[in-house]
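Let's learn to read a structure together, one feature at a time. Take a look before we start.

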Amino acid sequence: MVRDALRQYARSIGFSEWKGIAYGDIDGYTVTLAQGGATDVFTGRSSGAYNIWVNVYFPRDENYVKLMTRIKDVRRTYSVLDQYRYPHGIRINLGGSLTKFRAFIAWLMPLIAEYDGQTISKCPLCGQAYTAQDERVYARLQGMAVPAHPPCIDQAAINREIEAQEDKQVGRGALGAVLGAFLGSLPWIISYLAGFFIWVFGFMIGIGATIGYKQAGGKPCGKKYGIILLCVVFFSAFSFFASIISAVAIDIFAGDLQGGLWGNVTALLRDEAFFSREMQRAMIGFICSLAGCVHLIGEIRQEFSSREMIVRLP
Ligand SMILES: [Zn+2]
């Protein structure tokens with residue numbers, strides 16, 4: 001996001017603006033500026049904070065380390081929150097005012113040159129070094145503007161489209177997720193029937209859905225996470241009801257209960273003490289089943305950041 005004050009500043013130094021980032025060159029380095037929205041949605045740390053990306057690499061690693069130490073030394077002065085390294089640059093988040101941010105940029109840029117920071121001399125998409133004749137335009141790569149070959153950006157966009165068409169694999173993945181979540185719900189139901197319900201078995205539902213999706217050949221994409229979440233919710237509820245219904249059925253079969261299956265089940269579920277006790281246990285099982293999908297968060301982050309990879313900036 002670029003709010004008014006940052007926009008004014010970005011314009012004053014000749015930067016362009018595109019969908020939430022301002023970018024241009026400072027001292028020969030490609031620099032990207034943004035606010036809040038472009039930062040980490042999962043840590044949520046830098047909402048409203050300022051971000052600067054510099055497209056740079058350090059031929060000598062110790063120079064990079066020295067620069068990072070210098071930045072750490074001024075953490076308080078400029079309200080530095082985080083610093084990150086990318087194959088094609090660095091990113092620093094600041095939590096202070098725009099005035100501080102500007103002062104930080106003025107402090108940082110000469111320092112990068114002093115530590116022998118090089119402008120990226122190869123296209124980040126094809127890895128080829130630029131020749132004198134090569135045309136370079138800006139692309140957005142992991143949130144930051146970087147120069148790249150126009151044909152490479154176009155090719156990357158085509159690859160993206162092909163990947164999008166492969167979303168058809170989602171149907172197969174969904175079947176796998178349903179089957180996996182079903183198999184994953186069995187330990188829950190069996191342990192319940194055995195009389196020692198272990199809520200941590202809920203974990204298996206999340207794991208089952210995730211593995212099932214992948215094993216069936218489903219591709220990672222936005223829909224995948226929705227499908228897995230639906231499976232987890234549905235099969236947690238399924239486990240809850242299937243456990244109770246099966247337990248009642250077994251009791252009827254063993255002659256311990258009189259009357260029909262449905263009558264007995266509805267009577268049990270209407271029993272407030274029974275229902276709230278079972279519901280509490282099931283909720284813990286449900287939380288465990290969600291925990292079974294936690295490892296997907298990393299994948300989701302990657303998915304969303306790679307989506308931005310191939311945008312050609314105006
Ligand atoms: Zn290229």
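Q: How many bridges join β5 to strand β6?
A: In general, strands of a sheet pair through backbone hydrogen bonds, either parallel or antiparallel. Here six bridges join β5 to β6 (residues 89-94), and the two run antiparallel. Strands pair if DSSP finds at least two bridges between them; helices (H or I, at least four residues) and strands (E, at least two) are DSSP runs, numbered from the N terminus. This is a predicted model, where local features need pLDDT of at least 70, side-chain atom pairs count only at pLDDT 80 or more, and totals for chains, interfaces and linings use all residues. Residues are numbered from 1 along each chain as its sequence is written.

Q: What order do the strands of the open sheet have?
A: The six strands follow β1-β2-β3-β4-β6-β5, with antiparallel pairing. At the edges, β1 (16-18) and β5 (80-86) each pair on one side only.

Q: At what angle do the axes of α7 and α10 cross?
A: Two packed helices are described by the angle between their axes and the distance between the axes. The axes of α7 (residues 203-215) and α10 (residues 272-291) cross at roughly 35° and come within 6 Å. Axes are lines fitted to C-alpha atoms, for helices over the stretch in contact, with angles from 0 to 180 degrees between N-to-C directions.

Q: Why does Ala-106 count as exposed?
A: Ala-106, in helix α4 (residues 98-114), counts as exposed because it has 10 C-beta neighbours inside 10 Å.

Conventions: A residue is buried if 20 or more other C-beta atoms lie within 10 Å of its own, exposed if 12 or fewer, and partly exposed in between; C-beta atoms are placed from the backbone.
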